[in-house]
Amino acid sequence: MAKLGSFGSVIRFEVKEDKKVLQPLNVQQDIEARWSEQERFGQKPVAEFQGMNNEGITLEVKVSAFRGVNPSTTIRKIRSAISTGRLEYLILGGKRVCNSKCYIEKMTVTRNRTLKSGQLADADLSLTFREYT
């Protein structure tokens with residue numbers, strides 16, 4: 001078993017021998033500074049550093065019943081974390097991604113496959129995390 005990371009107890013990114021797979025893919029981290037410009041008559045504006053913006057992390061996760069993960073349960077847990085404003089450390093590769101705790105700002109769900117019974121079998125999730133300060 002390889003534990004790849006987590007967002008508290010809401011999401012556990014892992015790959016197990018029994019084929020349970022919940023792996024973060026295409027991880028993007030946005031680190032931005034805030035700048036303002038002071039206008040000057042007849043001259044170029046002067047740039048002034050204001051500080052750092054909160055970091056943002058976007059990643060994709062494929063959830064599939066065929067890989068040992070119940071997509072509906074996973075989506076429900078993440079939706080609950082979003083709607084309650086849950087704060088947790090986002091950990092990938094055994095290290096915190098941000099210095100502070102994060103919240104899930106957005107989840108986009110692409111429903112790929114549904115069984116005859118109507119149960120969701122396979123979905124792609126895009127998750128956007130934001131650093132909380």
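Phenylalanine 49 is partly exposed, at 46% relative accessibility. In this predicted model, the ring of phenylalanine 49 forms an aromatic pair with tryptophan 35. The arrangement is edge-to-face, with 5.3 Å from centre to centre and 65 degrees between the planes. Tryptophan 35 is itself exposed, with a relative accessible area of 55%. The pair links distant parts of the chain, since tryptophan 35 belongs to strand S5 (residues 33-40) and phenylalanine 49 to strand S6 (residues 43-52), 14 residues apart. The count of aromatic pairs in the structure comes to two.

Another ring has a charged partner. Arginine 96 lies over the face of tyrosine 89, at 3.7 Å from the ring centre.

The interior can be read from its nonpolar side chains. In soluble globular proteins, nonpolar side chains tend to be buried together. Here the largest nonpolar core has 25 residues, and Ile11 and Phe129 touch the most other members. At least two residues of this core come from each of strand S2 (11-15), strand S7 (56-64), helix H1 (71-84), strand S8 (90-92), strand S10 (102-114) and strand S11 (120-131). Strand S11 supplies the largest share, five residues. Leaving aside residues up to four places away in sequence, isoleucine 11 touches Gly5, Ser6, Leu22, Ile78, Leu127 and Phe129. Isoleucine 11 and Phe129, the two residues that touch the most other core members, are therefore also in contact with each other.

The cysteines call for a closer look. The structure holds zero disulfides. For cysteine 98, the nearest cysteine sulfur is that of cysteine 102, 3.8 Å away.

The backbone has a point to note at asparagine 26. Most residues other than glycine have a negative phi. Asparagine 26 has a positive phi of about 50 degrees, although it is not a glycine. Asparagine 26 is placed in strand S4 (residues 24-30). Is the residue buried or exposed? Asparagine 26 is exposed, with a relative accessible area of 53%.

Note on methods: Residues are numbered from 1 along each chain as its sequence is written. This is a predicted model: local features need pLDDT of at least 70, side-chain atom pairs count only at pLDDT 80 or more; totals for chains, interfaces and linings use all residues. Side-chain values use heavy atoms; hydrogens and water are left out. A disulfide is a pair of cysteine sulfur atoms within 2.5 Å. A nonpolar core is a set of buried Ala, Val, Leu, Ile, Met, Phe, Trp, Tyr and Cys residues joined through side-chain atoms within 4.5 Å. Buried means under 20% relative accessible area, exposed over 50%, partly exposed in between (1.4 Å probe, protein chains only). Helices (H or I, at least four residues) and strands (E, at least two) are DSSP runs, numbered from the N terminus. Contact means heavy atoms within 4.5 Å. Rings of Phe, Tyr and Trp (its six-membered ring) pair if their centres lie within 6.5 Å; planes under 30 degrees apart count as stacked, over 60 as edge-to-face and the rest as tilted. A charge sits over a ring if NZ of Lys or CZ of Arg is within 6 Å of the ring centre and within 35 degrees of the ring normal.
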